[in-house]
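Welcome! Have a look at the model below, and then we will walk through its charged pairs and its nonpolar cores together.

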Amino acid sequence: MKKFLLFCALCGLTLQYVCSQTADKAYALMLKGLYKNTVDTVEPLELQRLLISEKPLLLDTRQPEEYEVSHLLGAKLLDYEKFKVEELQVPKDTPIILYCSVGYRSERVGEQLKASGFTNVRHLYGGLFEWVNQGQPVYNSKGKTNKVHAYSRSWGVWLQQGDKVYGKK
């Protein structure tokens, strides 16, 4: 898994720097190779609208140290590494939007939820990185922030906006 993720990041760097493609096109290409398309996606601008009209359950599937740096307003932490479907005590038809850094972890959690009978599950296309790259706000326990946990230096190349943070706070 780690080798695959590193491979995707390196492919993206190659496309971005060697082929002179824009970061957006390279990012989209990397996501196309990363996603299995087993869980529907929601674009950042659509999510912004849904947060007002539909008020979905917003779940951050990253690790606690990533969530502490910043997250979407109102998101609840659902640690990818410790998640158990049976711990999610909501009706199976609850609108759920999942996200992580780029969408890999959130899609895997979405697969588990769908396999357990949840019927209204989507994940944020491009993850938190795409959200921030499109100028959308993130928050921490003190309020709005520009800091974003970039997961690792190889994945951080996809984050074009915000102040990158690596490791624990």
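Six salt bridges are found in this predicted model.

- Glu 46 pairs with Arg 49, and their closest N and O atoms are 3.9 Å apart.
- These two residues sit three places apart in helix α3, so about one helical turn separates them.
- Glu 46 is partly exposed, at 31% relative accessible area, and Arg 49 is partly exposed too, at 46%.
- Glu 46 also forms a salt bridge with Arg 122, with the closest N and O atoms 3.3 Å apart.
- Arg 122 belongs to strand β5 while Glu 46 is in helix α3, so this pair ties together parts that lie 76 residues apart in sequence.
- Arg 122 has a relative accessibility of 16%, which is under the 20% limit, so it counts as buried.

**A buried pair**
- Asp 60 and Arg 62 form a salt bridge with an N to O distance of 2.7 Å.
- Both of these residues are buried.

**The nonpolar cores**
- The largest nonpolar core has 30 residues, and Leu 72 and Phe 129 touch the most other members.
- Helices α2, α3 and α6 and strand β4 each give two or more residues to this core, and α2 provides the largest share, with five.
- Beyond its close sequence neighbors (up to four places away), Leu 72 touches Leu 47, Leu 58, Tyr 99, Leu 124, Leu 128 and Trp 131.
- A second, separate core has 12 residues, among them Val 85, Leu 88, Ile 96 and Leu 113.

Notes: Residues are numbered from 1 along each chain as its sequence is written. This is a predicted model: local features need pLDDT of at least 70, side-chain atom pairs count only at pLDDT 80 or more; totals for chains, interfaces and linings use all residues. Side-chain values use heavy atoms; hydrogens and water are left out. A nonpolar core is a set of buried Ala, Val, Leu, Ile, Met, Phe, Trp, Tyr and Cys residues joined through side-chain atoms within 4.5 Å. Buried means under 20% relative accessible area, exposed over 50%, partly exposed in between (1.4 Å probe, protein chains only). Helices (H or I, at least four residues) and strands (E, at least two) are DSSP runs, numbered from the N terminus. Contact means heavy atoms within 4.5 Å. A salt bridge is a side-chain nitrogen of Lys or Arg within 4 Å of a carboxyl oxygen of Asp or Glu.
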